[in-house]
Amino acid sequence: MDALLAALADPARWRLVRLLAERPRPVGVLAQLAGARQPQTTKHLQTLERAGVVTSQRTGQRRVYALRSAPLRDLAAALNGLADTAERAGGPLETFDRYGLSLRAERVAAKEPGWADGRTFGFHRSLPARPGLVWRHLTEAPLLARWWTPDDLRVSELVFEALPGGRIVHEYRDAEDADGSGPVAGRAEGVVDDVRPGERLAYRLSPRLPDGGVAFTSHLDLALRPTGDGTGTDLDVRFRVTDSTVESADFVAGIEIGFGQSLDKLAAILAEDPHDTDPTHDPTHDTDPTHDPTHDTDARSTT
């Protein structure tokens, strides 16, 4: 396939392929129709023949070339397969295009500081796990790191101190940057405001600009309540923007898509294992409002 693509990439050879698609032709005629010298045309045809896209036979004093359709059909099938993969419903390309539309709109709107202040986003997920386990995924760094990034990203540093005034650090990189040699894709720092285990979590988080400045401040309020049958959790998230800078447009444009993807990952993780299987976990911590998370070894973690 690589040899075929290389052979077809040359405009002169592509012209010969188009001429041979009409009918087999001798070298001399091909050279005339292509407006090229015969020795040069012969070299191009030999390259195409080595790539398997044309064949030839000698007839008297002439060598006649013909197009082989099978390699072109194989190439067309491979290209169609790539296009189908890229354009699959709900796939990364669709997300990329959605983000592009949002990005352009937010960049137009970002004319002066405070342009996005007061903007709110609401998210709701019905999760297939009880509030105690959902709470652990919202506050314990090893579990939080599994879902707290959009698609194609991975957590590279995470601190979440689940107590009022607790520190938050959330840094992430490209998911395929396995050795961490690429640039940091994003970093945010914040503080926890309210902790009611199994019921409510509120915190502020500020994404950082490349120069270290604050892009904006997000105020997140997460409310948990058991579903009617008692086996799951309704999670409602209110996301409010303040302190927005002109440079924050690219960040604001990704809130709805990115945080929505993160919550979808959380739902998928809980669907795979909706039960607390940690033998060291004390389930009374899930509902005891007097429990102090500073005494938990995993309340402050870095991954």
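Me: In β10, which residue is the bridge partner of G122?

Reply: This is a predicted model. Strand β4 covers residues 120-127, and it pairs with β10, residues 233-242, in the antiparallel sense. Eight bridges join β4 and β10. Within β10, the bridge partner of G122 is R238.

Me: Along strand β4, which side chains point to one face and are buried?

Reply: The side chains of β4 alternate along the strand.

Me: Which residue in β3 does Q57 stand opposite?

Reply: Strand β3 comprises residues 62-67 and pairs with β2 in the antiparallel sense. The two strands are joined over six bridges. In β3, the residue opposite Q57 is V64.

Me: How many residues of strand β8 are buried?

Reply: Strand β8 runs over residues 200-207. A residue counts as buried when its relative accessible area is under 20%. The strand is mostly covered, and of its eight residues the number buried is six.

Me: In the hairpin of β7 and β8, which residue takes a positive phi?

Reply: β7 and β8 pair in the antiparallel sense over eight bridges, and D194 stands opposite A202 in β8. The hairpin has three residues between the strands. The residue with a positive phi, near 80°, is G198.

Me: Which residue in β9 does R204 stand opposite?

Reply: Besides pairing with β7, β8 pairs with strand β9, residues 217-226. This second pairing is antiparallel and extends over six bridges. In β9, the residue opposite R204 is H219.

Me: Is E176 buried or exposed?

Reply: E176 lies in the loop between β6 (167-174) and β7 (186-196). Together with D151, D152 and D174, E176 forms a negative surface patch. A residue counts as exposed when its relative accessible area is over 50%. Because the relative accessibility of E176 is 74%, this residue counts as exposed.

Key
Residues numbered from 1 in each chain as written. Predicted model: local features only at pLDDT ≥ 70, side-chain atom pairs only at ≥ 80, totals over all residues. Heavy atoms only, no water. Patch = residues over 30% accessible without salt bridge, like charges linked within 9 Å, V, L, I, M, F, W, Y side chains within 5 Å. Areas by Shrake-Rupley, 256 points an atom, 1.4 Å probe, with all protein chains shown as cover. Salt bridge = Lys/Arg side-chain N within 4 Å of Asp/Glu carboxyl O. Lys, Arg positive; Asp, Glu negative; His and termini not counted. Charge placed at Lys NZ, Arg CZ, Asp CG, Glu CD. Helix = DSSP H or I, 4+ residues; strand = E, 2+ residues; numbered from the N terminus. Buried < 20%, exposed > 50% of the residue type's maximum accessible area, 1.4 Å probe, protein only. Pairing = 2+ DSSP bridges.
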